[in-house]
Every structure is written in C-alpha cells, then in structure tokens.
Amino acid sequence: MSVLRQRLKPWMLPIAMAAGILFHDFMGRIEFLAPYLIFIMLFITFCRVKPREFRITGLSWGLLTVQILGAVAVYFCLLPLGDDLAQGTFICVFCPTATAAPVITGMLGGSVPRLATFSIISNLTVAILAPVFFTLMGSGGDVPFMATLSTISLKVMPLIILPLILALLALRFAPRLHRAVAERQSVSFYIWAVSLFIVVGRAVSFVMDEPAEAVPEMLLLALLSGVVCCGQFWIGRKIGRRCGDKIAGAQGLGQKNTVLAIWMALTYLNPVSSVAPAAYVAWQNTINSAQLYFKARKGAI
C-alpha cells in the first residue's frame, strides 16, 4: 500500500481535477463542505509550525510584497479591459499560499518550516486585506461600505484566523494532539485533493451555465491565469534563490490556495472571475505534478 500510495501521489491532483469535471453535476450537494475543508487544511498546516520556529525572514517579506503589490498592480493594469478580467487575475495573485504547499515543498526538498511560516503570514494578510479589497471592488453593490466590510470580515477572517488560534491552543493544552497532527502533514494533501474535486466541479458547473457569448472572456481569463501562474513560480524561485531556498520561494508564491480563491471569487467577486482561479488549478497542478514526477524518477520521494 505504501508503494502504491507513493506512485499515485504525483497523479492525485490531476485525478481530482478530472473527477471534478466528470461529476460536476453533483457538486451542488456537497459544495457546502468547501469552507470546512479549508478550515481543516489550515489547522493542519498551522500545527506544523511551533512558536519558536516562527521567524519572519527576507524570503517571507519578498514573497508577501509580490503577493500584495503584484495583485494590486495586475488589477489596475487589467481594469480598463473589464472588471471580470481584472478581478480574476487579481485573485490568482492575491490568494494566499496553498495549505498543501509545505507538504509539496518537503517532497521536493525545500524547507518546510520556512514555507509553513510564510503560509501563516500569507493567510493572515489575506484575512485582513480581503474584506477591504473586495468591498472597494464593489462586491457589496449598493450596500454601504462599512456594512459590506463587516459582513465579509465576519465570513473570511474566522475561516483563516480561527485555525491558527486552535493550533496554538492545542499546542498549549493538548500537546499530544498537536504533535499527532503536526506529524501527519500529508493528510492535508489528500484533503486538498478532495477540495479540488469539489471546487473544480463547482466552477465547471458555473461555466457550463454561462452563455456562449462569455466563452472568449473565459478563455482569456484562463490564459491570464496561466501567465501569472508561471510568472509567480518564476519570480518566487528567483526570490528564493537569493534567500537560500529556491524551492520554498517558488512554491510559496506560485502554489496558491485555489480552493479558497474560487470560493472567494464565487462569493464576493463577479462569479465569472472564478474561471481564472479554476484554470489556475490546472496550471499550478500541472507544474506540481511534473515536479513530483521528475523528483520521483530520481528516487527522492
């Protein structure tokens, strides 16, 4: 079973995406699970970092700068072309690091603690800034700014911050549970696969319901997500090389929590913008699957 699991691991993500596409008609019954799966993945990831290991380094600042300023830059650059294109590309850059990124980083030979630390910083930053950005983008319609801001904050911030609080409480009051979770980080990889199955299926259902006139725009969203995906892996690798860990840099900036991104796009932005993070799923997991495949061929996984 161990050998079979190792052989299947590089293919788990493409299988999850293909299954989501195939069974997209059934996603309406289970899509309510997505926020809970996001919560569990974050809790598992946050248990990986102990307070004494939490050190913000130049790598974290460099990646965070690109994540925030880069997202704002692409938004305003694409805004003249339309809200949907701007919002879809924005969420692909602004979205925090994937909860499974430390797992993939460890499998590729990068520093898990460094990336897990950045994952916490990345997610907390999104929890704080997302309500502000989404409100300024007009997701509340005619609702007053503060009312929209508070509504989004109450939904987004607990989803990201509570897992961190629970991880810290478990470390203090239930160390055995904390240690058991910390030692089973690979579980988040499989939860991530299930989450991909759900959100890809949900996104495909949305795309199928769109009129034919929207196809060119959706194709452009998919293309733009591929450009920013490759760009973020490349930039993250450059930053990581300067900071002594090119793998952590590439995965920290390029591997996004697309489950959260699609959920936020469908919930708070123009729904068609969710096509970009949905396509990002395919782009980033093609890159990840290729990296895991070549690493496995070398016998290092």
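I began with helix H5 (residues 83-94) and H11, which pack at an angle of about 30 degrees with their axes 9 Å apart. Axes here are lines fitted to C-alpha atoms, for helices over the stretch in contact, and angles run from 0 to 180 degrees between N-to-C directions. Helices are DSSP runs of H or I with at least four residues, numbered from the N terminus.

I noted that the model is predicted, so that local features need pLDDT of at least 70 and side-chain atom pairs pLDDT 80 or more, while totals for chains, interfaces and linings use all residues. Residues are numbered from 1 along each chain as its sequence is written, and side-chain values use heavy atoms, without hydrogens and water.

**H5 and H11**

H5 and H11 are therefore roughly parallel to each other (angles under 35 degrees). Their crossing is right-handed, that is, the near helix is turned clockwise from the far one by less than a right angle. I listed Asp84, Leu85, Gly88, Thr89, Cys92 and Val93 of H5 as meeting H11 residues that include Leu220, Leu224 and Val228; contact means heavy atoms within 4.5 Å. Asp, Glu, Lys and Arg count as charged, Ala, Val, Leu, Ile, Met, Phe, Trp, Tyr, Cys and Pro as nonpolar, and the others, Gly among them, as polar.

**H11 and H12**

I next looked up H11 against helix H12 (residues 246-254), which pack at about 145 degrees with axes 7 Å apart. This crossing is also right-handed. Gln232, Gly236 and Gly240 are among the H11 residues in the contact, and Gly249, Ala250 and Gly254 among those of H12. I recorded 4 nonpolar, 6 polar and 3 charged residues for the contact of H11 with H12.

**H4 and H7**

The axes of helix H4 (residues 58-78) and helix H7 (residues 112-136) come within 10 Å and cross at roughly 30 degrees. H4 and H7 are therefore roughly parallel to each other, and H4 passes H7 in a right-handed crossing. The H4 side includes Leu63, Leu64 and Ile68, and the H7 side includes Phe118, Ile121 and Phe133. The classes are 10 nonpolar, 4 polar and 1 charged.

**Largest pocket**

I then checked the largest pocket, which holds about 300 Å³ of space. Of its 16 lining residues, Val204, Val207, Val275, Ala278 and Ala279 are the closest to its centre. A pocket is an open set of points on a 1 Å grid over the protein atoms alone, where a 1.4 Å probe fits, with protein on both sides within 12 Å along at least five of seven lines; lining residues have an atom within 4 Å of a point. The volume is the space filled by probe spheres set on the points. The lining has 16 nonpolar, no polar and no charged residues.

Notes: Helices (H or I, at least four residues) and strands (E, at least two) are DSSP runs, numbered from the N terminus. Angles under 35 degrees count as roughly parallel, over 145 as roughly antiparallel, 65 to 115 as roughly perpendicular and the rest as oblique.
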